[in-house]
Amino acid sequence: MKVIVCIKQVPDTKGGVQFNPDGTLNRAAMLTIMNPDDKAGLEAALRLKDQYGAEVTVVTMGLPKAADVLQEAIAMGADKGVLITDRVLGGADTWATSTTIAGALRKLDYDLIITGRQAIDGDTAQVGPQIAEHLGLPVISYAQEIKVDGDSVIVKRQYDDGYHMLKAKMPCLITALSELNEPRYMTPGGIFDAVNAEITTFGRADLVDVDDSNIGLKGSPTKIAKASDKVRKGAGEKVVPDSPDEAVSYIVGKLKDKHII
Amino acid sequence: MNFALDKKYEMAQNLFREFAQNEVKPLAQEIDENHRFPRETVEKMAKYGFLGIPVAKEDGGQGCDPLTYVMCVEELSKVCGTTGVIVSAHTSLCVDPIQTYGTPEQKAKYLPDLASGRKLGAFGLTEPGAGTDAQGQQTKAVLDGDEWVLNGSKCFITNGKEADVYIVIAVTGTVEKRGRKMKEISAFIVDKGTPGFTFGTKENKMGICGSSTYELIFTDCRIPKDALLGQKGKGFGIAMHTLDGGRIGIAAQALGIAEGALETTIAYVKERKQFGRSIAQFQNTQFVLADLATKVEAAKLLVYKAAMTKAQYQADHKTSYSVEAAMAKLYAAEVAMEVTTKCVQLHGGYGYIKEYDVERMMRDAKITEIYEGTSEVQRMVISANLLK
């Protein structure tokens, strides 16, 4: 069984987000991490490796520095890394990104593709399903649980008010939620192997069935009008009750109003 | 000479730091208060290979080197001195001598279990009457047919009751050296559960309170003849060589404690306000922190150098790292004591309260000046090399 996990190196937003004067993200000023949803997807793939001996390949697209995130994935247990990097691919929106990644995946063997639901820097949740569309694969998004059943996968898909159980024949694509699992740490020995592991690099010329009009900044229909840090939710309500009893009945009332209890 | 860390060390440091923050720090205060051995942390560390970092992959380890191991002990000790010493005593004092002196059979029997953390290791040299003076050993091993019979006791043994495999130093006879009768000392590997091997009292310590420190008692304890580690009569050298390595581990622990105290204090002085401004704005605070940070950096360079010198020894089996290890431990331990004491002072009254980490760190730091060779012993090792 061959599993491909698409992962992205994103700015670590824990320490706050920094912008350039033109409104784009100042990536150089921020530490980078593996996108949390992607990390959960990788963990799911590594569990398939532990259980079924699956071969796990991680794929990322970005600047040459994005190889770091592939090395991290290999140090966690992935078998191979593929970096898609080329100047002409820069400035891609979700459409150009998914077109590019699909072009690279056409060169690789797979039974299952896992992507994160969305990246914490863009929060679009578009790239995974778009890749599936380009490749003509069924897609199951928001996976909370993944099981393999013969040549199919059974996935528990999260919904606002419950979940769906879905079965799809492989090859297919699954988008993972960070709640899917608790990703493992790297191991020291894994790190020593990862820094010496060969990373396969794909450029524009390696992409299969991809038109120039669909890649890079020129192939991106999305134009960013404005970018901002996360907007805080409402300020909330400040209540100063007279007694603990009053506080409890107020809270219980609110929880009932919202049908939480 | 290049002071920048290679990428693999940077990645390893990040790994250990993340693990320490997520898995170790949340328990540090509780295990200290309850004097509880953090078995769950040991299991997690085993899962991620932290108990076999400098062990070859073919022996079940991670195939890394002494510097990676030192970084692990350092990062763990930044948040919890107890967790740091569990790894250090296991790796330096039990795994290392088996790696260095074990027969192929002994290595095959013990290393995969120890390096994977399925089993935990400990080392018994100290006795009530034999601390710095290792020649004062009373524990005896007598060969009886195909078995050694051990009698005696060892005290202050780290990982005491929690370990599964013990390196035990014992007297196996007398030899004449320069016309004087000396004790012949040998090293043995003893499994937990061997009849005649029991535990005495648990020590109630000032610091590293989660660490399991016990007395080991041997009463007609029979172990197989092939449990002898290295050659008969070479036990003193094995013990001293093992402690050279152990000192690098303890130096890393001391370094970590000092760094942890400094980090915590830097955050504290920025928040704590007196006379209308943060105490970080007072020059006294600034100068104290500057001195402490400088000493911590110097300690780090000594500790890393000692680890790299040991790596050189592992490559050529010639380079001595005894002096480097002694200097690293002497300096890092004294820096740890000074840094933690001054960090408590910068915290004022809060530093004396158990709720604040520096209180624990100051208690944990003290032992680094004592075990695996006191600061005085390190000075003896260093000066003996200068004056030879």
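What radius of gyration would a compact globule of 388 residues have, and what does chain B have?

1. **Overall form of chain B.** This is a predicted model. A compact globule with 388 residues would have a radius of gyration near 21 Å. Chain B has 21 Å, which agrees. Its C-alpha atoms fill a box of roughly 80 × 45 × 40 Å along the principal axes. The chain holds 10 helices and 10 strands.

2. **Burial and contacts in chain B.** Of the 388 residues in chain B, 53% are buried. Take the contacts in chain B between residues at least 6 apart in sequence: 74% of them join residues at least 24 apart.

3. **Overall form of chain A.** Chain A has 261 residues. It contains six helices and 11 strands. Its C-alpha trace spans about 70 × 50 × 40 Å along the principal axes. Buried residues make up 40% of chain A. Among contacts in chain A with a separation of 6 or more, 69% are between residues 24 or more positions apart.

4. **Where the chains meet.** How many residues of chain B are in contact with chain A? There are 15, and they meet nine residues of chain A. Helix α1 of chain B, residues 7–34, gives the most to the chain B side, with seven residues. By class, that side has seven nonpolar, four polar and four charged residues.

5. **A helix pair in chain A.** Two packed helices are described by the angle between their axes and the distance between the axes. In chain A, helix α2 (residues 67–76) packs with helix α5 (residues 188–196). The angle is about 140°, and the axes are 7 Å apart. That angle makes α2(A) oblique to α5(A), since angles must be over 145 degrees to count as roughly antiparallel. The crossing of α2(A) and α5(A) is right-handed.

6. **Residues in that pair.** From α2(A), the contact uses Gln71(A), Ile74(A), Ala75(A) and Met76(A). From α5(A), it uses Gly190(A), Ile191(A), Asp193(A), Ala194(A) and Val195(A). Six of the residues in this contact are nonpolar, two are polar and one is charged.

7. **A helix pair in chain B.** Helix α4 (residues 81–101) and helix α5 (residues 104–115) of chain B pack at about 150°, with their axes 10 Å apart. Is α4(B) roughly parallel or roughly antiparallel to α5(B)? It is roughly antiparallel, because the angle is over the 145 degrees that this class requires. Here the crossing is left-handed.

8. **Residues in the chain B pair.** α4(B) brings Cys94(B), Val95(B), Ile98(B) and Gln99(B) to the contact. α5(B) brings Gln106(B), Lys107(B), Tyr110(B), Leu111(B), Leu114(B) and Ala115(B). The classes are seven nonpolar, two polar and one charged.

9. **Gly61(B) and its surroundings.** Ala115(B), one of the α5(B) residues in the helix contact, also touches Gly61(B). Gly61(B) sits in the loop between α2 (39–47) and α3 (66–79) of chain B. The C-alpha atoms of Gly61(B) and Ala115(B) are separated by 5.0 Å, although the two are 54 residues apart along the chain. Leaving out residues up to four places away in sequence, Gly61(B) also touches Gly52(B), Ile53(B), Val55(B) and Ala56(B). Gly61(B) counts as buried because it has 24 C-beta neighbours inside 10 Å, and the cut-off is 20 or more.

10. **Positive phi in two loops.** Ile208(B) is a residue other than glycine with a positive phi, near 30°. It lies in the loop between β6 (197–202) and β7 (214–224) of chain B. Is Ile208(B) buried or exposed? It is buried, with 30 other C-beta atoms within 10 Å. Ala125(A) also has a positive phi, near 60°. Its place is the loop between β6 (112–116) and α4 (127–135) of chain A. Ala125(A) has 17 C-beta neighbours inside 10 Å, so it counts as partly exposed.

11. **A cis peptide bond.** Which residues does the cis peptide bond join? They are Met170(A) and Pro171(A), with omega about 0°. Pro171(A) lies in the loop between β9 (162–169) and β10 (172–176) of chain A.

Conventions. Residues numbered from 1 in each chain as written. Chains lettered and ligands numbered in written order. Predicted model: local features only at pLDDT ≥ 70, side-chain atom pairs only at ≥ 80, totals over all residues. Helix = DSSP H or I, 4+ residues; strand = E, 2+ residues; numbered from the N terminus. Rg over C-alpha atoms; globule rule 2.2 N^0.38 Å. Buried ≥ 20, exposed ≤ 12 C-beta atoms within 10 Å, placed from the backbone. Contact = placed C-beta atoms within 7 Å. Nonpolar A, V, L, I, M, F, W, Y, C, P; charged D, E, K, R; others polar. Axes fitted to C-alpha atoms, helices over the stretch in contact; angles between N-to-C directions. Parallel < 35°, antiparallel > 145°, perpendicular 65-115°, else oblique. Left-handed = near helix turned anticlockwise from the far one by under 90°.
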